[in-house]
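Here are some notes to read alongside the structure. Please keep the view open as you go through them.

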Amino acid sequence: MRSLTKIEVTHTQIALAFSTANLGEVRFVKEISDGWFNTVFEVAVDAGTKYIIKIAPRESVKLLTHENNLLATELDFYRIIKEHTDIKIPSIVFSDFTKKIIPSPYFIMEFLKGERLDKIKISTYEKSLVNSEIAYVFAKLHTISGEGYGYTQTGLKHTWKGALLHMVHMLIADSSAFGKRCKVGKKLISYINKFSYALEAVPSVLVNFDLHPMNIFATNENGKIELSIFDLERGFWGDPIGDFVAHEPFKSFHKKSIIKAYNSYAKTPINICKAHEIRYYLLLAYLGIIMQVERYSRFKGFKKFFSIAYILGTIGYLFFTKKALSNLKKLSK
């Protein structure tokens, strides 16, 4: 998918990046165009080994506030996960922030085995195993405690309420900077203030916030399914309930089958109660607003209406915000 944030990179630049990293001579380059933000290529070298090179947006592109320096934050999350858990993630083999070879920061990581979860064929029974594995990943991520709340790249806050308010205010400001209004953002601010009591005891843990099938690789060997996760671009420190938003996002909170599996692994269970529902729908609304506002930095002009990414972003924004605000209204009675 094409977007304004993606950078044009030549084969020569990629070859020089791999030569600098001492990874061999580049024999094959293929763009992986599914993402909407960074520029990503699959690269094979003369030894037959495959890698992924991920390149940040051009410096001249106007990004959302929390997207600035995002590649560095993502690398830090990979490091933290590797140090504190046994979650399978790609090994980072090289990174370069000098902008001398490619005019944007980039990193090179190993090519994961298996297939993307949305493309792999699995039985009903195997799907239950996958859900259990995802629940395990969530539980492990949530053992990693943060020193504050919110985005590392925009400054951590002392409370989850303070961080969530800051996160929404940033999106409202970004929307305004693109000449657009963000009415839903203002409604969400009012609900965050209204439900302050539900946010008081929220722990600060590492939240992926984007763990859906397109960001999971799976191997299925002799009935044993193993998952590897990647793409930590939406990660933040805060409410563990946030990780249940992107997983089966069109299901209501109380219908998420993964919660039972998660509670079998987690030290602190997620309950189907009013306070936890409030926290879930606040974050579902937040995801909807991200999908609303990020379209302004990704696409422009008439052609955007023919972009699958733009259409999906619009559908997600409308569905998630409507569902979230409707449930928050009910919970406020």
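1. Reading the model. This is a predicted model, in which local features need pLDDT of at least 70 and side-chain atom pairs count only at pLDDT 80 or more, while totals for chains, interfaces and linings use all residues. Residues are numbered from 1 along each chain as its sequence is written, and side-chain values use heavy atoms, leaving out hydrogens and water.

2. The length of H5. Helices (H or I, at least four residues) and strands (E, at least two) are DSSP runs, numbered from the N terminus. Helix H5 has twelve residues, 183–194, and at 1.5 Å a residue it should span 16 Å; the expected span is 1.5 Å times one less than the number of residues. The end C-alpha atoms of H5 are 17 Å apart, which agrees.

3. Which residues of H5 are buried? They are Val184, Gly185, Leu188, Ile189, Tyr191 and Ile192, where buried means under 20% relative accessible area, exposed over 50% and partly exposed in between (1.4 Å probe, protein chains only). These residues lie on the same side of H5 because they cover an arc of only 165° around the axis, taken from the directions from the helix axis to the C-beta atoms. Lys183 and Lys186 are exposed, on the face of H5 turned away from its buried side.

4. What H5 packs against. The buried residues of H5 pack against helices H4 (160–177), H6 (196–199), H8 (274–298) and H9 (308–331); contact means heavy atoms within 4.5 Å.

5. H4 with H8. These two helices pack at an angle of about 25°, with their axes 9 Å apart. Axes are lines fitted to C-alpha atoms, for helices over the stretch in contact, and angles run from 0 to 180 degrees between N-to-C directions. That makes H4 roughly parallel to H8, a term for angles under 35 degrees. Among the residues that meet are Leu164, Met167 and Leu171 in H4, and Leu283, Tyr286 and Ile290 in H8.

6. Arginine 116. Not counting residues up to four places away in sequence, arginine 116 touches Asp34, Pro213, Met214, Ile216 and Phe217.

7. Proline 269. This residue lies in the loop between helix H7 (258–265) and H8, and at 36% relative accessibility it counts as partly exposed. Proline 269 and proline 240 are 29 residues apart in sequence and 10.0 Å apart in space, C-alpha to C-alpha.

Key
Angles under 35 degrees count as roughly parallel, over 145 as roughly antiparallel, 65 to 115 as roughly perpendicular and the rest as oblique.
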